[in-house]
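Good morning, and thank you for the time. Please look first at the structure on the screen, and then I shall take you through it part by part.

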Amino acid sequence: MVEDTKIGVFLCDCGEVISRNIDLSGIRSNLEKISDVGHVTLSHYLCSQKEIELMGSEISEKGLNRVVIGGCSPQFCEVIFMEAMEKSGLNPYLLSIANIRDQCGWVHPGKTRATSKAARQIKMAISKARFLEPIKKETVSINRDVLIIGGGISGMEAAIELSELDHKVTLLEREKVLGGRLHQLYSLYPLELTPGALLAEKIEAINKRANIEVLTTAELLKIEGHPGNFVAKIQRDGSPITRNFGAIVVATGCDTQFPTERYGLELSDNIITQLQFERMLKSQEEWDKIPQKIGFMLDISDEYSRISTISALRNGLAAKRRFGGEVYIFCKNLKLDAPGLEGLYREARDEGVIFFKFGDGMPTISPAHGQINIQLEDLYLARELVTLSCDLLVVDEKIIPQRDFEILKSILNIDLDSNGFYQQANVHLYPVSSIRKGIFSAGSCRADLDFSDALADGRAAAQAVHQLSYSGKAWIEVEKLVVDADKCALCLTCIRSCPHHAIEVDHEKQAAKVIDLACQGCGICAAECPAKAIQHKGYTDNEIGAQLEFLEEAI
Amino acid sequence: MPEDKNRFSPKIAAFCCFHSAYLAADSAGAMRKSYSDGVYIIRVPCAGKVEGLHILQAFEKGADGVLILACPQESCHYISGNIRAKKRVDYILRFLEEIGIEPERLKLFNLASNQAPRFVQVVNEMAERIKDLGPSPIKAGVIGR
């Protein structure tokens, strides 16, 4: 607690919404009796321009050094009041909010009980305010250059998007040419563009832009530095290159694997994978090898895979159109969870592709005399046993992470999820962000995404990078999580528990150090630290303890 | 200290993650859903920030029950905060009975920010449970001393 706190309490009745069942003027007169409360006001709309200006002048005139708000939820008003405090010269973190509207007035019927709870909430906020400490805000410079690892469709799209946003981009590709999976695909139906044409278009766009540097046959060796200022060591054709980047986008794609044990079969001349079939469609010399009866098997390698479903529909339709014959698609239950898929399914059916759904049962696949016999219980034919024979069976594959994910993971110091793909910071909210600030992932290296999603993902990652570094500057809260070097025993608990890998060892001070730009303020390190060497400003032990004191009071 | 079950209104310290439960509580208010007024919502940035010390301190100060409300599993705003919170609660539960507090008084729930009805349900069920248990033995101890 700092000496002589002078607290300003600002109550808001939110246009008489709060005062309907809370006696704010009664609370106000009680608050005035508290010795270190220097000022109490009650206003109609505290968040209005006029009231905010008034609040600012009260703060500077009366020399208030803590602000307590009794009003709506901080999710609505916190930012507004912090700005007002900053304008009047008070550190914006010296603010404590009692949520007496959303969590009291609206909840508890009956004026007496609601009023006494609101009074307690405000007193809790005041006790917390006494312990608040200022946090300094600073700007740091961020390198605007971006490194993109992987020159597949997502990587190229991200590079083009970023270069249009005026970022200097380095596009790293392990192979000799850009394009990744686009080289293996036959069509992007219902898009009219062929993969080859799309690839040529993207490569032309990349070549045209002066601020994209393409490094083929190159690999990332090492990353040093912090978000905003990474130093990357790259190896190209055996020679090392060092570059500085502000952000990194990982777009390395995925791999596929045929799970022999799930099928109980080996691949052969007439049991092939979807990529092999795609290759047959692509080269005209192999067209005469494509037989009359083709079956596509789905949902065996995986419960469901969007990539496999889309390519079975797409290639089944293409084979039917080009070569006639019979095309069967066998699936557990067709799931059409991407835009345009329902249309593709209808089109395939209209064209004469036949679908069989085998539900939870497993079809028996037995190769015999150059043919493959498939026996299954069809869900829609009253579980009748159906026996069919195909000349060619195209099987689905498991989408698996690439082998070098583990290596890249340790180079970048990020995490993989339980399936071995790059961990997203939040599947719904931040799909392209990794656990580390400044490192993003896009395309099928983070999830089962088909081609059009991968394109969109590249753009999404580019926008996320731009959001972080567009101005070349970033705000940081200096030492929001502060480490007491005397107490720190360097046990590394915080470094291990930080979900964003934002803590490192400060070798000079022999203590842990929080990287302010990378820190996202969860406070897990402060809670885990066995020596209590870390305090999270705004949620220190004193501040939480001060609120808990009120549990002693009778309701 | 026998107390009429209906008249006893339990005090519950609810540590609410600002990215889920706190917002759920807000929308419960916006939906005008009522819950026990003995619930003290304490805002934390993440359930993983709640230390064992804070939980025990709440009991020491006279809470009849403590709730830790975290983000849904696999969808924590801070990736592993809810898992940390779970581990810590499990750790405290191991010795809570030993120090004379019924383990039912400490609970962790996962809920998302749009689950206002679940927030109300969780809080009300907790209040009911505590009403059945009666006031915290710690409080009784203080009074009986």
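This is a predicted model: local features need pLDDT of at least 70, side-chain atom pairs count only at pLDDT 80 or more; totals for chains, interfaces and linings use all residues.

I begin with a network of salt bridges that links Lys532(A), Asp541(A), Lys49(B) and Glu51(B). A salt bridge here is a side-chain nitrogen of Lys or Arg within 4 Å of a carboxyl oxygen of Asp or Glu. Residues are numbered from 1 along each chain as its sequence is written, chains are lettered from A and ligands numbered from 1 in the order in which they are written, and side-chain values use heavy atoms, with hydrogens and water left out.

Let us turn to the interface. How many residues of chain A are in contact with chain B? There are 48 residues of chain A in contact with 46 residues of chain B, where contact means heavy atoms within 4.5 Å. Between them, chain A and chain B bury about 4,100 Å², and 55% of that area is on carbon and sulfur atoms. Buried area is the accessible area, taken with a 1.4 Å probe, that two parts lose on being put together, summed over both.

Across this interface the rule finds 6 salt bridges. One salt bridge pairs Arg113(A) with Asp37(B), with the closest N and O atoms 2.6 Å apart.

On the side of chain A that touches chain B, the elements giving two or more residues are helix H3 (74-87), helix H4 (101-105), helix H5 (111-131), helix H14 (493-497), H15 and helix H16 (541-548) of chain A. Helices (H or I, at least four residues) and strands (E, at least two) are DSSP runs, numbered from the N terminus. The largest share of that side, 5 residues, comes from H16(A). By type, the residues of the side of chain A that touches chain B divide into 21 nonpolar, 15 polar and 12 charged. In this division, Ala, Val, Leu, Ile, Met, Phe, Trp, Tyr, Cys and Pro count as nonpolar, Asp, Glu, Lys and Arg as charged, and the others, Gly among them, as polar.

Is H16(A) mostly covered or uncovered? H16(A) is mostly covered, with 7 of its 8 residues buried. Buried means under 20% relative accessible area, exposed over 50%, and partly exposed in between, with a 1.4 Å probe and protein chains only. Among the buried residues of H16(A) are Asp541(A), Ile544(A) and Leu548(A). Their cover includes H5 and strand S28 (534-536) of chain A, together with strand S1 (12-17), strand S2 (39-44) and helix H2 (52-61) of chain B.

Another pair deserves a word. Glu528(A) forms a salt bridge with Arg88(B), the closest N and O atoms being 2.5 Å apart. Because Glu528(A) lies in helix H15 (residues 524-528) of chain A and Arg88(B) in helix H3 (residues 81-96) of chain B, the pair joins two chains. Arg88(B) is buried, at 10% relative accessible area.

Within chain A, Glu351(A) and Arg321(A) meet through their side chains in a salt bridge (3.4 Å, N to O). Glu351(A) lies in helix H11 (residues 341-351) and Arg321(A) in helix H10 (residues 306-323), so the pair ties together parts that are 30 residues apart in sequence. Glu351(A) is partly exposed at 36%, and Arg321(A) is partly exposed at 42%. Over all chains, the count comes to 35 salt bridges.

Leaving aside neighbours within four places in sequence, Ile69(A) is in contact with residues including Phe10(A), Met55(A), Phe81(A) and Ile97(A).
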